[in-house]
Amino acid sequence: MSRTALRICPLCEATCGLTLTIEGTRITHARGDRDDVFSQGFICPKGASFGAVDSDPDRLRTPLVRRDGELREATWEEAFDAVAAGIRPVVERHGPHSVGVVLGNPNVHTMAGALYPPVLLAGLGTRSVFTASTVDQMPKHVSSGLLFGDANAIPVPDLDRTGHLLLIGANPLESNGSLCTAPDFPGKLKALKARGGTLVVIDPRRTRTAKLADRHIAVRPGTDALLLAAMTQVLFEEGLTEPAPHVQGVEELADAIREFTPEAVAEACDVEADAIRALARDLAAAPAAAVYGRIGSCTVPHGTLASWLVDVLNILTGNLDRPGGALFPQAATDKTPRPAGPGRGFALGRWHSRVSRHPEAKGELPLSALAEEIDTATEEGEPVRALIAVAANPVLSAPDGDRLDKALDSLDFMVSVDPYLNETSRHADVVLPPPPPSQSPHHDFAFNTLAVRNQVRYTRPAVPLEPGRMAETEILSRLILAVTGMHGADPAAVDQMVIDQTLGKAVTEPHSPVHGGDPRELAARLGGDTGPERRLDMMLRLGPYGDGFGVRPDGLSLDKLLAHPHGIDLGPLEPRLPQPLKTRSGRVELLPGPIADDLPRLRAALAERPEGLVLVGRRHLRSNNSWMHNVPALTGGSNRCTLHIHPEDAERLGVEDGAAVRVKGAGGEVTAPAEVTDAIRRGVVSLPHGWGHNRPGTRLSHASTDPGVNVNQLLDGRLLDPLSGNAVLNGVPVEVTPETGPEASAVTEKLTALT
C-alpha cells in the first residue's frame, strides 16, 4: 500500500516543497506540494526526479576503507577507527594547519552540512579551509562584508513587488535562482512582466532568461564591473541619485567613479554608450527596482567590484531596503536581533595561503590553491598532509583537476564524506556515505537567509533509516570526535556541547529573551527527538520570531513548526536597516578601503581587449554542478556537454556543427563536440560546468557512459579575483581548432550514438 510524505527538495536553491509517493521504503513519485507556504506546488525536473536520485544504485551503502591499496567495504566502527588513526597523528606531528578541510556545495543543501562543519573546523583549529564558495559566490560575501560589515548580509531582490529588475550574469530559468531563494523564479519573472514591469538581462549568451527579457544586452564577458561602474557614473553625472538612509561615502564614491563614463567603457564592454545611459536612467526612473547579479558576474577578474556595484546601484537609486527593491531577509533561525549600532566590521587577509600568499576571505583560502598547498614545499609552514572532504568534488569543480588529482594521491591520509565514489572520493583512505535524502530530515538554514519571502519549514525523514545506514548528522558528529582526539565518545556529546555553549552565551546577552536565565534549565525544556532537532528548537526559540522559551507565547518553536507540516508564512520582506549593519561606523560604508584600492586595476581594464575567443560557462535546468549526471532522467537531450560557438566564429575556424573541436587554455586542453548557435555572441564560446566523468576508479555507471569534458581543466588556477580569491572561470582566453585525429572520430561516434 502506498502512502505520501512531505519533503523539502534539496537539489537546488529554490527549496520547493514536495509530496512524495512511497511504496514500502521506495519513492515512486514526486510532485509539488500545493499547500507549501513558499513554493505552492511548483516543481522542476530535478524535484520530479527525486525518487531516481534517492534510489541511484551507485550510491554507497556502507563505508569504504583502503586496505592493501584498495577501497573495501568495512563496518562503521572500522571506518572511524581508521579516521582517528589517520588524522590524529598528522595533527600531533605537524600541527592543525597540516589538515585541510574541503566543503562542497551540497553542504548547504542538508541539515547536517549546515550544523556540523563549523564545529569540525573549530575543533580542528585549522586555517587550511577551502570551499565551493571560491569557485562561485565569494565576491558577493566579500562585498557584503565590506559594505554592511557582515559577509552573510546579502540583500535579495523583492521579486513579488518590484517593477524593474536588472539581471547581470544570472540565468534563473536554468539555475532556479542562486543567492536568491525563490521557488518558481520563472513564474515570478513572468508575473513581473504581466503587471507592467520591465526585465533587463545582461549576459553574453541569449539564455532562456534573456529570451524572456524586455531588453537583452550581450556584454563582452568579464567587463561586468566596467558596465556597472559606468551606470553608477551616469547616476552621479545626471543627478539621479537618491541614496538610501544610513549611508556614508557618497561624495567619495562620486569622485572615485568619475572617469568610468559610458564613452570610456563602451569599447571594452562592446556596448554603446547610449545604451549604458539608458540602462542607468531607466533604473533610476522606476518607482521600485532591483539589480541582481550572480555567478557570471562573480567568476570574473573583477568579481568583487561587480558584486559591490550591484549593491551600489541599489543604494544610489534608493532601492536598498525598501519594498520592491533589494531587502535583507530575516530567517527564523537567525540569531536574536541585536540593537542597531556599530559592530566589529569585516576584515580580509587575516592570514594567507602558504605558497602563493593568497589572503583569506571569510575564513577560507582559494580552492584554486588546494593543489599547491598539498604538493609544494616552502620554508613557511607545513603543507597539507591530510584532507577531510565533505560533499566535495574539487577534481571537477576546481581549476586544473589533473594537478589536484596527482596531489591527492600524495597525501598521508584522506577521508571523504560522500554518497558516491567519484573523481575526488576515489582517492580517500576512508569514505563515509550518508544516506539518501528521503532518510534525512531537512531544514534550510542557509537558503532561508536568502529567501524572497520570510517563511520557515521543516520535514522529518520521509522513510526510516535503512538498516546498516548511519544518519548524516551522526556521521559528522563521529567524524568530529575522531579527528579532535575524542574518538569513541558518545556522538550526542557534540550536539549537547553546542547547546550548552549557545545557551550559556545567550543568558549573558542583554538583548536575548533568556537573559539572566539558567542554561541547564533552558536546555531541559528543549523539544525534539534527536540532537539536531533540539538544536533546531533552540535556534527557533532564540530567533527573531521565537517564543523566547515562553517569553513570547505566540512565537516559534519546533513543536509549533511540526504542527504546520506545509510550513509557516512569516510575511514579505521588510525594511530592516540599520539593524543588520555590523560595520565599525554602524552605517553602510559605500567606498570601503579595499574596494577603493582595487579600482586602479579596474581602470587598467579600460584598455584591455581580447584578441581571440574567450570562454564562459553555462548551466542546465537538469544539472546542479557535478551532482546529477549519474541520473538517467536528468541527462541527455539538450543537457549535453557541447561547445557553443557563434556561426561566424565557426565558419572562420572551419568548425562544423556536431564535429569535434579541440579547446586549449592555460591549464590544458579538451575535445568536445561543437554546437553552432547564434544564442552566443561572436568571440565567445561556452562549455558547461560539472562534466568530465572519465577517470578510472569511480563508480558512476551512467555518468561514465557520456562523461563529457572538464571545463575547469582549461584553467591553471592562477587567475583569481584578488579581493575574494575567487577563481576566474568566465572571460578566459582559449583557442579552438577542429579536431582531426582519432579523438575526433571517437567524439563523433559518441555524439551519433547519443542522438
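Mentor: Begin with burial: buried means under 20% relative accessible area, exposed over 50%, and partly exposed in between (1.4 Å probe, protein chains only). This is a predicted model, in which local features need pLDDT of at least 70, side-chain atom pairs count only at pLDDT 80 or more, and totals for chains, interfaces and linings use all residues. Residues are numbered from 1 along each chain as its sequence is written, and side-chain values use heavy atoms, with hydrogens and water left out.

Trainee: How many salt bridges does a search of the whole structure find?

Mentor: A salt bridge is a side-chain nitrogen of Lys or Arg within 4 Å of a carboxyl oxygen of Asp or Glu. Searching the whole structure gives a total of 47.

Trainee: Arg601 forms a salt bridge with which residue?

Mentor: Helices (H or I, at least four residues) and strands (E, at least two) are DSSP runs, numbered from the N terminus. Arg601 is in helix H24 (residues 593–604), and its partner is in strand E26 (residues 720–721), 120 residues apart. The closest N and O atoms are 3.5 Å apart, and the partner is Asp721.

Trainee: Is Asp721 buried or exposed?

Mentor: Arg601 has 26% relative accessibility and counts as partly exposed. Asp721 has a relative accessibility of 0%, so Asp721 counts as buried.

Trainee: Which parts does the pair Arg208 and Glu174 tie together?

Mentor: The closest N and O atoms of this salt bridge are 3.9 Å apart. The two residues are 34 apart in sequence, so the pair ties together helix H9 (residues 208–212) and helix H7 (residues 172–175).
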